[in-house]
Amino acid sequence: MKISLNAQIGGKPLSIQTGKVAKQASGAVVVQYGETIVLVTVVSTNEERPADFLPLTVEYQEKIYAAGRIPGNYFRREIGRPSEKETLTARLIDRPIRPLFPKNYRFETQVIATVLSMDQENDPDTLAMSGASAALTISDIPFKGPIACVRVGRIDGELVINPAISLWEKSDINLIVAGSKTGVVMVEAGADIVKEADILEAIYFGHRAMQPLIELQEKLREAVGVPKRPFMTPDKDPALVSKIETQAKLPMREALLIPEKLKRYAALEQIKADVVESFGEEYTDRKEEIYEILQDLQKVTCRNLVLEENRRIDNRKFDEIRPITCEPGMLPRPHGSALFTRGETQVLGVLTLGSGPDEQRVETLSGEEFRPFMLHYNFPPFSVGEVKRIGGPSRRDIGHGGLSTRALEKILPTKEKFDYTIRIVSEVLESNGSSSMGTVCAGTLALMDGGVPIKSPVAGIAMGLVSDGDRVVILSDILGDEDHTGDMDFKVAGTKDGITALQMDIKILELSRDIMQKALEQARVGRLFILEKMLETLKESRKEISPYAPKIITIKINPDKIREIIGPFGKIIRSIQNETNTRIEIEDSGIVKIAAFCKEDADAAQKLINDIAMEPEVGRVYEGTVQKVMDFGAFVQILPGTDGLVHISQLANRRITNVSDVVKEGDRIKVKVLEISRDGKIRLSHKAVLEEGHGASDK
């Protein structure tokens, strides 16, 4: 049965349709907003998988045909590896829906969102998020939804729901918020140094605007009428739970109070081994059950430390930041570097500067994009004491890199002020809580160490929350264990004046406005503390860039000369680049950018280009080459590609009969420009040079 319902979102109709396509999926919807259309399907198997986690995978795929184009790669089809945008959107969908599955749900579940049509004005990412909730809501899969998602912008001081892509550049807030009827469950935001109060208002402006979309999903669920599959979270053996708690509760509490991460983990592993050994062969087949009970006990113990004993694992105060050290200028050859250490989290930020051709070219549904700023996040296994195969960037790497990119890109100088391509690489050397915010801090210091004139330094902090419904505790600068056992992961980055990036994931059903306001304020205080520690090491950007960074010279030429500089099939420009060891870009406006690794090479390339692009001036003397001898005079090349005529009467300060008596082809001769006509013809004189004493011809 085909069902289609509509709701007004941001002043425009949004429709969700089901029952027409993909009917063999557990749930399938088509979401349309403007002429952007996304198909979202969800399938959950009927066989339980032996796993200790929710086996949920989320895929988001953008089909280039959706924008009416053929892929520009060699194969002319969508390649297997997802793009950065596809990966980030898949994570965006996964994060708010994952906590809404029942605990111990072990049935393999897959969500696939496919962009079928893209109108260049309405981004499909928020539609895919709401579509995932709708597909789950109408399916037989147990899901504590629905939730919905919208984008919030602020243009000329006015908050806007789902602003058109063409307006994003005018917006100082780009915020995606997902929520339920009663609260917010996920936030992802970039901002142009915006106050906390303004961000909070934008979040709840979006929450109010999404309510019709939540009601639409509820109506859709009633209309479809598919009952949820029966699922009961299996109860643990109370006798086994009691036996394990009696043996492990006190030792586990003592282990969790060990401040050093590796020592703490070793102690916890020993407790696990001792419990299993004490139970003997009778419980050999129940090891997984024992491990799960111990895991639950560890989580409860961690939470009780906070809620009942008012203490943290490492004995810090709830709002206290771990010790911070900063060391800029770690590496001699890269163009900037900094080592940032906060507790047991350590990140090396490395800066490389390049020229225009080093920009990243990305094919998107909106067309081809060129990105002059890149941040690449690497999380090697040794950073957490593990052994794993090293491959390409994981979804986590891309997600953390995307958050750090948003945090830093708003403080970068304009191209007019600093015409370089900028790449930052984050090497996580140790990790125990928020390496992404460590990346922001290390990246800022690396930019400053490299002499990049940033607008203002940025720092980042990760916040946590523990709540039992009645009591709520907000934690600053959380450890990894506090993240795993807590109810919120809230990352905030910004300058002393405001926020540049924010990411929030809620593991409970929702978060109230009052708690979020308190978390934002506590994060602001912590961020300023971290920023102060960074500036104690390096107060401002260095005045000079690294001597190993490329030197970039920008000159302006007459656009009519571009063809002559490029030459036939690019012969001239290639020759200049090879001769001077430079890279040259030429814009249609006549802007020429020369990049070289030393000033001498840049100057040499500039001279060669100026020689070609130079415009002749009336009254100026040039030394040129005779190109052709005629009865009435000689044509002389005074600049590359620029000839003028020396009439026979202007060849000498005496009367001559034959031009060849004075000059021959190939002779070097000094001439003065007498006149340039409207059609560009140049009249030259050698006679004027002789009379003014500039020298004679070289034959």
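Predicted model: local features only at pLDDT ≥ 70, side-chain atom pairs only at ≥ 80, totals over all residues.
Student: Why is Ser139 called buried?

Tutor: Buried means under 20% relative accessible area, exposed means over 50%, and partly exposed is in between, with a 1.4 Å probe and protein chains only. Ser139 has a relative accessible area of 0%, so Ser139 is buried.

Student: Where is Ser139 found, and what is Ser139 in contact with?

Tutor: Ser139 is in the loop between helix H2 (125-138) and strand S7 (148-155). Helices (H or I, at least four residues) and strands (E, at least two) are DSSP runs, numbered from the N terminus. Contact means heavy atoms within 4.5 Å. With neighbours within four places in sequence left aside, Ser139 is in contact with Ser26, Gly27, Val42, Val226 and Lys228.

Student: What makes the approach of Ser139 to Ile141 a polar contact?

Tutor: A polar contact is a pair of N or O atoms within 3.5 Å; within protein, one must be able to donate a hydrogen and the other to accept it, and residues adjacent in sequence count only if both atoms are side-chain atoms. A polar atom of the Ser139 side chain lies 3.1 Å from the backbone nitrogen of Ile141.

Student: How far from Lys299 is Ile557, going by C-alpha atoms?

Tutor: Their C-alpha atoms are separated by 68 Å, and the two residues are 258 apart along the chain.

Student: What makes a set of residues a nonpolar core, and which residues have the most contacts inside the largest one?

Tutor: A nonpolar core is a set of buried Ala, Val, Leu, Ile, Met, Phe, Trp, Tyr and Cys residues joined through side-chain atoms within 4.5 Å. The largest has 126 residues, and Ile97, Leu175, Phe490, Leu502 and Met504 have the most contacts inside it. A second, separate core of 22 residues includes Leu256, Val275, Phe279 and Ile290. In soluble globular proteins, nonpolar side chains tend to be buried together.

Student: Which residues is Phe490 in contact with, leaving aside its neighbours within four places in sequence?

Tutor: Among them are Ile461, Met463, Leu502, Met504 and Leu520.

Student: How do you know that Cys441 is in no disulfide?

Tutor: A disulfide is a pair of cysteine sulfur atoms within 2.5 Å. By this rule the count comes to zero disulfides. For Cys441, the nearest cysteine sulfur is that of Cys326, 7.5 Å away. Cys441 is buried because its relative accessible area is 0%. Cys302 is buried too, because its relative accessible area is 6%.

Student: Why are strands S11 and S16 said to stand at the edges?

Tutor: Five strands form an open sheet with mixed pairing, in the order S11-S12-S13-S17-S16. S11 (324-328) and S16 (373-378) each have a single partner strand, so one side of each is left without a neighbour in the sheet. The twist averages 15° from one strand to the next.

Student: What makes S11 and S12 a pair?

Tutor: Two strands pair if DSSP finds at least two bridges between them. Five bridges join S11 to strand S12 (residues 336-342), and these strands run antiparallel. Ile324 has Arg342 in S12 as its bridge partner.

Student: Why are S8 and S19 said to stand at the edges?

Tutor: An open sheet of eight strands has the order S8-S7-S9-S10-S21-S20-S18-S19, with antiparallel pairing. Strand S8 (158-161) and strand S19 (472-476) each have a single partner strand, so one side of each is left without a neighbour in the sheet. Within this sheet, strand S9 (residues 171-179) and strand S10 (residues 184-194) pair in the antiparallel sense over seven bridges.

Definitions and conventions: Residues numbered from 1 in each chain as written. Heavy atoms only, no water. Axes fitted to C-alpha atoms, helices over the stretch in contact; angles between N-to-C directions.
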